[in-house]
Amino acid sequence: MTEKQTSHHAHTLKSGHLLGIEGLGVDEITALLDRSLYFADIITSPSEPHDDVSKILHGVTVVNLFFENSTRTRVSFEVAAKKLGASILNISVSGSSVKKGETLVDTATTLNAMHPDILVVRHHAAGTPLLLSKHVSAAIINAGDGRHEHPTQALLDALTIKRSFGRIAGLKIAICGDIANSRVARSNLYLLGALGADLRFVAPSTLLPSDVEKLGVPVFTNLNEGIAGADIIMMLRLQKERMQGREIPSQHEYFNLFGLDSVSVDKLAGDAVIMHPGPMNRGVEIASSVADDPERSLITQQVEMGVAARMACLEALRPNGLARQKGR
Amino acid sequence: MAKLFKNAHLVCPERELSKDGWLVVDHGVITQSSFDEQTPPDEASMSKVIDCKGQIVGPGFVDMRVQSSDPGAEHIETLDILLTAATMHGITSLAILPSTEPVIDNAAMIDSILLRASRYKKARLYCYGAATKQMAGEQMAELGMMTQAGAIGFSTGNYSISDSQMMRRLMTYANMFDRPVMHHCEDLTLSEDMDMNEGETATRLGLIGQPAIAETIILQRDIELARLTGARYHASHISAAASVDVIRKAKAEGLTITADTAPPYFMLNEFSVSGFDSAAKLNPPLRSEADRKAIIEGLLDGTIDAIASDHMPIDPDEKAQPFSLASFGASGLDVFVPMSLKLKQTHDLSWVQLFALMSRNPARILGLEAGRLSIGAPADLVMINPNSAYILNASDFHSQSRITPFDGTPFEGKVTGCWVGGKNQF
C-alpha cells in the first residue's frame with residue numbers, strides 16, 4: 001500500500017445533500033475520499049490507537065428509508081451511523097404507510113415532522129432523492145435511485161481502488177455488464193472520470209443505453225477487447241429478468257460472451273484486480289474461480305470499504321454548522 | 001490435378017468481365033485465367049482439359065433462401081436430394097432457413113446440420129440461425145453462440161416479427177456479430193386468413209385478399225429500425241411495387257439494406273391463381289401486374305440485390321385441397337435457374353448482371369467467398385449452354401417436391417456442368 005492521504009478534518013457538502021456524484025466538485029469528491037481513507041484506517045485496524053469517532057454524530061438521527069429491497073447497503077449505512085454514534089431507524093417498505101396508498105411526498109413530510117437529521121433513501125424511480133430533498137428539512141443521501149445514481153457505491157469503489165493502487169488517475173478501468181440499467185456504472189463514470197481514471201464500458205449492444213458514448217466514455221461490445229490492458233475490471237450484476245430473451249438470449253450465452261472467467265482474466269496484466277458491487281450472479285457475469293481469487297478479487301474489500309465511505313458521507317451531512325437550505 | 005477449361009465464355013460478376021477465355025482449377029481453387037494472363041498453360045501439363053466451346057462459364061449460383069424439409073419431414077425431401085438437385089442447376093452454395101423440425105435456433109443444431117451436409121460433398125450448405133427461439137418471435141435466440149457455430153445470418157423463416165421492440169433488439173444484438181437479419185415482411189393483422197393478393201381477382205374468386213402494403217408497412221418499419229440501430233438488414237422475397245420504392249429510397253440514403261426476390265414475383269402475377277391453382281398459393285402472394293413490373297425494374301436497377309429460389313418443399317397432399325385450405329409455397333430449386341435465364345432473355349440482361357443477381361450479390365450479403373472468378377477463389381463453377389430451348393416440366397424436377405406454378409413454361413439455356421471446389425458434380 002502506498003502513501004495515503006487521509007484527512008483528520010471533517011468537511012461538508014455544499015448542497016447539504018448527497019443526491020449524486022454528477023454535480024459534485026472535484027474538491028468535494030476528493031475531500032470525501034480523503035475522509036473515507038481516514039475512516040477506513042480506523043475500521044480496518046481496530047487494535048491500533050485511533051481518534052474516538054463515536055461522538056461525531058452524537059445526538060444525530062439517521063433514517064434508512066428503503067423503498068427497494070437491500071441488505072448490504074442498508075446494513076452498511078446502519079453500521080456506519082452506529083460507529084459514528086448516531087441513532088438510526090430503519091423504515092421498511094412492507095410495513096410502511098406507502099403500501100396503504102400514501103404518496104411519497106406525504107410519507108416524507110410525515111417523517112420530516114419527527115425531525116430526523118439525515119434521510120438515507122433508496123427508491124426504484126430515478127430522481128426520488130431530489131424530489132424528497134425539496135420537501136424535507138433533513139439532509140438526503142441517495143442510496144440508489146433507479147438507473148440514475150448510487151453515489152456511495154462509487155465512493156466506496158474509489159476508496160477500494162485508492163487503497164489498493166494508491167491512486168486513481170491514469171488507471172485503466174473497464175466497467176462491464178448491464179450498463180443500461182446500472183446506477184453504479186453512471187456514478188462510477190462521473191466519480192472515477194473526475195479523478196482522472198481511463199474508463200471504458202463493455203456491454204452487449206442491447207444493454208447499452210442510447211448515445212452512451214456521448215457521456216465521454218469509449219464503449220466496447222466485446223469483452224476481451226474491452227478489458228485488454230485494464231488495471232481494474234468492474235463487473236455489474238445482470239438481473240435474471242434481463243436474460244429471458246428480450247435483452248439477452250440466455251444466461252448461457254451471456255456467460256459465454258460476457259462472463260468473466262479465468263480464460264479472460266489470464267489475458268490481463270498480472271496485477272489487474274476484479275471488482276463487483278454485489279450481489280453476484282455466479283456463472284452469469286462472473287465465474288466463481290475469478291470472484292473468489294484471493295490474488296485478484298477486491299469484492300469483499302468493497303463491502304468493508306462501504307462502511308468507511310458511508311461514515312464520511314454521513315459526517316459530511318451532520319447538522320451542526322451546516323449551511324443546508326431548508327426545504328420548508 | 002489441374003483442370004483446364006478452354007474455349008469458354010467466362011463471366012466474372014466481381015470484376016464485371018464477360019469474354020472468351022480459359023481458366024485453370026487446381027486443388028479446389030481457381031489458379032489461373034485469361035483475365036490475368038495472356039498465354040494458356042500447356043494442355044499436356046493438365047490432368048484434364050474441358051472444352052467449353054459455345055458455353056458460358058461463371059461462378060456457381062448462390063441460392064440464399066432455401067427451405068429444407070430435413071430434419072423433420074424427410075418424407076418430403078432429404079438434405080442429400082436437396083443438395084444434389086442444387087448442383088444439377090449449377091447452384092454451388094445454398095443457405096437454408098432455420099424453420100426445420102427441430103428449429104435451428106441453437107449452436108448444436110447448426111453443428112449437426114453442417115456436419116451432415118459436409119458428408120454429402122455436394123453443394124456447399126450454409127445455415128441461418130433462427131432469430132428467435134422456436135421461431136416464436138418472443139425471445140431472442142442465442143445469436144452469439146450460433147455465430148460461433150457458423151450461422152451466416154439470422155432469419156425469421158416465413159414468419160414476421162410484429163413486436164417492434166423485439167425487432168430493434170434483434171438488430172442491435174445481431175450487429176455485434178456483423179451478421180444480417182433476414183426478415184419476411186408481413187403485417188399479420190392485415191394478413192389475417194389471407195389466401196392471395198387483394199384485388200379484383202380475389203374478389204371474383206371469393207378468396208380473402210391481403211393488400212400489398214402488408215409487406216411494405218413492416219418493411220418500412222424495419223428500415224427505420226435499421227437506421228436507428230445501424231444494423232445489416234435484408235428483406236426476403238420482396239413482392240410489392242411499394243416495397244421496391246422504399247428500398248430504393250433507403251439505399252439512396254446509404255443504409256445497409258439489401259433485398260431479394262424469387263422467380264414467381266418477377267414471372268407471374270395474381271392471374272395465376274385464377275383457376276384456383278393451389279400451386280400458385282404463395283406467401284407473399286402473387287401480386288398485380290404492376291407489382292411484377294416494378295419487381296423487374298428493381299432487379300434491373302440494382303434495388304433488389306439478389307434472386308433466390310425461395311424453395312419450399314410441400315407434401316402434395318397439402319396442396320390437393322380447396323385453395324383456401326391448401327398450404328403456402330412451391331418448389332423453387334428447379335425453377336430458379338431456368339426462370340432467371342428467361343428473365344435475362346426477355347429483359348436483355350447481360351451475363352454479368354445475371355451472375356451478379358444470382359451469385360456475386362448473395363455471396364456478398366452472406367459474406368461468402370463465392371461469386372467471382374478471381375485467382376484464389378473457390379472453384380465453384382457453372383457451365384451453361386445458352387442456346388438450347390426447353391419446356392419446364394415438373395416431372396423432370398431433380399428435387400423431390402414438384403409443386404410449381406411454372407409447369408409447361410418455355411425457356412432458353414441449360415446448365416451443362418457444375419463444379420464444387422473443383423469437383424465435377426455431374
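Predicted model: local features only at pLDDT ≥ 70, side-chain atom pairs only at ≥ 80, totals over all residues.

Colleague: Which helices of chain B supply at least two residues each to the side that touches chain A?

Modeller: Those are α3 (143–149) and α4 (164–175) of chain B. The largest share of that side comes from α4(B), with five residues.

Colleague: And how do the residues on that side of chain B divide into nonpolar, polar and charged?

Modeller: Eight are nonpolar, five are polar and five are charged.

Colleague: What about salt bridges, how many does the rule find across the interface?

Modeller: Two between chain B and chain A. One of them joins the side chains of A:R246 and B:D163, at 3.0 Å from N to O.

Colleague: OK, overall extent now. How many residues does each chain put into the contact?

Modeller: Chain B brings 18 residues and chain A brings 16 residues. The area buried between the two chains is about 1500 Å², and carbon and sulfur atoms give 50% of that.

Colleague: Which three residues supply more of chain B's buried area than any other three?

Modeller: B:R169, B:Y173 and B:M176, which together supply 36% of what chain B buries against chain A.

Colleague: Let's switch to packing inside the chains. At what angle do α5 and α11 of chain A cross?

Modeller: Roughly 115°, with the axes of α5 (residues 151–165) and α11 (residues 299–316) coming within 8 Å.

Colleague: Left-handed or right-handed?

Modeller: The crossing of α5(A) and α11(A) is right-handed.

Colleague: Which residues meet there?

Modeller: On α5(A), they include A:L155, A:L156, A:L159 and A:R163. On α11(A), A:M305, A:G306, A:A309 and A:C313 are among them. The residues of this contact divide into seven nonpolar, six polar and three charged.

Colleague: Now chain B. How do α11 and α12 cross?

Modeller: Helix α11 (residues 333–347) and helix α12 (residues 351–366) of chain B cross at roughly 145°, and their axes come within 10 Å. The crossing of α11(B) and α12(B) is right-handed.

Colleague: And which residues make that contact?

Modeller: From α11(B) you have B:F336, B:V337, B:S340, B:L341 and B:K344, and from α12(B) there are B:W351, B:L354 and B:M358. That contact between α11(B) and α12(B) has six nonpolar residues, one polar and one charged.

Conventions:
Residues numbered from 1 in each chain as written. Chains lettered and ligands numbered in written order. Heavy atoms only, no water. Contact = heavy atoms within 4.5 Å. Buried area = accessible area lost by both parts, 1.4 Å probe. Salt bridge = Lys/Arg side-chain N within 4 Å of Asp/Glu carboxyl O. Helix = DSSP H or I, 4+ residues; strand = E, 2+ residues; numbered from the N terminus. Nonpolar A, V, L, I, M, F, W, Y, C, P; charged D, E, K, R; others polar. Axes fitted to C-alpha atoms, helices over the stretch in contact; angles between N-to-C directions. Left-handed = near helix turned anticlockwise from the far one by under 90°.
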